[in-house]
Amino acid sequence: MKDVAVLGVGMHRFGMWPDKSNGDMGREAGLAALDDAGLSFRDVQAAYVGYIFAPVMSAARTMKEFGLTGLPVQHVENASATGSAAFREACFAVASGRHDVVMVLGFDKMTAMIQSSAQNTDPAWLEDSILPAGFFAMWATRRMHERGTKPEHLAAIAAKNFNNGALNPMSQRQASETVTVEKVLASRMVAWPLTAMMSCPIGDGAACAIVGRPEIARRLLPGRPVVKVVASALQTERYERGHLFIGPVVGPARMSVDTSRAVYEEAGLGPEDMDLVQVHDAFAIEELEYYELLGLCRGGEAEACIERGDFARGGRVAVSTDGGLIARGHPGGPTGLAQIWETTLQLRGEAGKRQVDGARVGMCHMMGGGSVCAIHILARD
Amino acid sequence: MAEASRPRVPVKEGYFTVPSDPATPPRLLGSRCDDCGEHFFPRRAVCAKCLSRRTTDVELGPRGTLYSYTFVHFPLFGSMRVEHVGYGVGQVDLPEGPRVQLPLAGKQEDYRVGMTLEAELEPLREENGRDVVIIRFRPVEAR
């Protein structure tokens, strides 16, 4: 990726917001990002907007919240990887020289989606009839069979993410006291062995990033560290025997391996260079698998690393520093941009109580519907 | 049993057979590539492996090997039956090659990775005097 920086970031806290519209949440996140960048909406030359569940034309309509300036607006959708995919297109728009300043806005009200899908889909066929947790739970069952993984390992990941989320003002779940492995295990069983606290909540929210040419950041905010987007990769699945064509959701493990190799190659960096990593931890088993699939540890070593605390803040590489999908939340469209928000603040040294000391390089990984993997690497210039 | 005597219709056409004899297990409707021989479920027009446009409809199963499974502690969407308030889901490797994800009968303790399962039809609800059925798996030894 050539000369693209994150100029500004902003969020509307994830949570249950029945009285707020996508426009309300998107406006708050977008204005926060503009203020963070020191820019006016007049400076924004294009917008890429990510949402999954909102009606047709919600991109252009929501962008009117900022004023009507005639800018080109595109809707990008890739299931859970929607915000990441929109971010990637915005980066390309800058890297290609087409635009200097581009807004990426993600929003969604997953609470509304749950209501409409219960009414509209053919309810009785396979992926429509099975709770997503069920698909991910089977990943856990297989892992337990092959590697002797214990529910305690999954609970330790969830507890770490809850406790990170408690330090993030934008996190949906804000635990009032330290969350323990025992508490996670004792929460309601959703799909064995996954409990409610090992699973992300449904919620609403918005997140925004402004991307542009790095010299703009240096000119507007001299002295503040510039965060550059050094690599972007997005892949879909390659066929392998045993591929699940119905009810994918999880996606083949190889997709995260292949996509991370591509992004490491473009960045000229390896997993050992990462100071912090955000992953698609919709369920705790995912984060455990991604440690290995992204190369943060070797195959079969995830459980030992969890027991050592390798992926906590202060560990070898901090993972899901903002609480991850499990605590920070996962409304859909904005989720990938919440990862960019967190990584940008961390690399600037502005992450407050959850700051990873000396963070210089961070990675953001999202999966979309089990069929898309999107990964970005950001670095402090 | 009264349910078995009613005519049965699949919840969705084109995915599994509904044998007229209730004792005959259903089979999954898939495709075989005419060029590379790879099998797929569900049916597809283009081979996902070699990209050939020549595929033939085939029936798969009814037996397979359990790759992984879970039990979900929520109602099965679309079912009107109280016994479906929780349900199993399994990934089953068919002898022809495809892996399928389908509901499981019974309870969690009935299952272990690697066991042989067989497909069966399960009524979800009654519509116009007919049973609307889905396909699911159960352990062979429990039959």
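Read along the sequence, chain B goes α-β-β-β-β-β-β-β-β-β. Helices (H or I, at least four residues) and strands (E, at least two) are DSSP runs, numbered from the N terminus. The model is predicted: local features need pLDDT of at least 70, side-chain atom pairs count only at pLDDT 80 or more, and totals for chains, interfaces and linings use all residues. Residues are numbered from 1 along each chain as its sequence is written, with chains lettered from A and ligands numbered from 1 in the order in which they are written.

**Exercise 1.** Work out how many helices and strands chain B has, and what percentage of its residues count as buried.

*Solution.* Start with the count: 1 helix and 9 strands. Next, burial: a residue is buried if 20 or more other C-beta atoms lie within 10 Å of its own, exposed if 12 or fewer, and partly exposed in between, with C-beta atoms placed from the backbone. On that basis, 35% of the 143 residues of chain B are buried.

**Exercise 2.** Check the length of helix H1 (residues 22–37) of chain A, then see what covers its buried residues.

*Solution.* The expected span is 1.5 Å times one less than the number of residues. For the 16 residues of H1(A) that gives 22 Å, and the end C-alpha atoms are 22 Å apart, so the two agree. Buried residues of H1(A) include Met25(A), Ala29(A), Ala33(A) and Leu34(A). Among the elements covering them are strand E1 (5–15), helix H2 (58–63), strand E4 (101–109) and strand E7 (204–212) of chain A.

**Exercise 3.** Are Met57(A) and Ala79(A) buried, partly exposed or exposed, and what is the phi of Met57(A) and of Ala79(A)?

*Solution.* Take Met57(A): it isn't a glycine, yet its phi is positive, about 75°. Met57(A) is in the loop between strand E2 (46–50) and H2 of chain A, and is exposed, with 10 other C-beta atoms within 10 Å. Now Ala79(A), also not a glycine, has a positive phi of about 55°. Ala79(A) is in the loop between strand E3 (73–76) and helix H3 (82–95) of chain A, and its 17 C-beta neighbours inside 10 Å make it partly exposed.

**Exercise 4.** Trace the strand order of the 10-stranded sheet in chain A.

*Solution.* Two strands pair if DSSP finds at least two bridges between them. The order is E3-E2-E4-E7-E1-E8-E12-E11-E9-E10, an open sheet with mixed pairing. At the edges, pairing on one side only, are E3 and strand E10 (318–319) of chain A. Zoom in on E2(A) and E4(A): they run parallel, joined by 5 bridges, and Gly50(A) has Gly106(A) in E4(A) as its bridge partner.

**Exercise 5.** Describe the side of chain A that touches chain B.

*Solution.* Residues are in contact if their C-beta atoms, placed from the backbone, lie within 7 Å. That puts 27 residues of chain A against 28 of chain B. Helix H5 (132–147) of chain A gives the largest share of the chain A side, 7 residues.

Notes: Two residues are in contact if their C-beta atoms, placed from the backbone, lie within 7 Å. Ala, Val, Leu, Ile, Met, Phe, Trp, Tyr, Cys and Pro count as nonpolar, Asp, Glu, Lys and Arg as charged, and the others, Gly among them, as polar.
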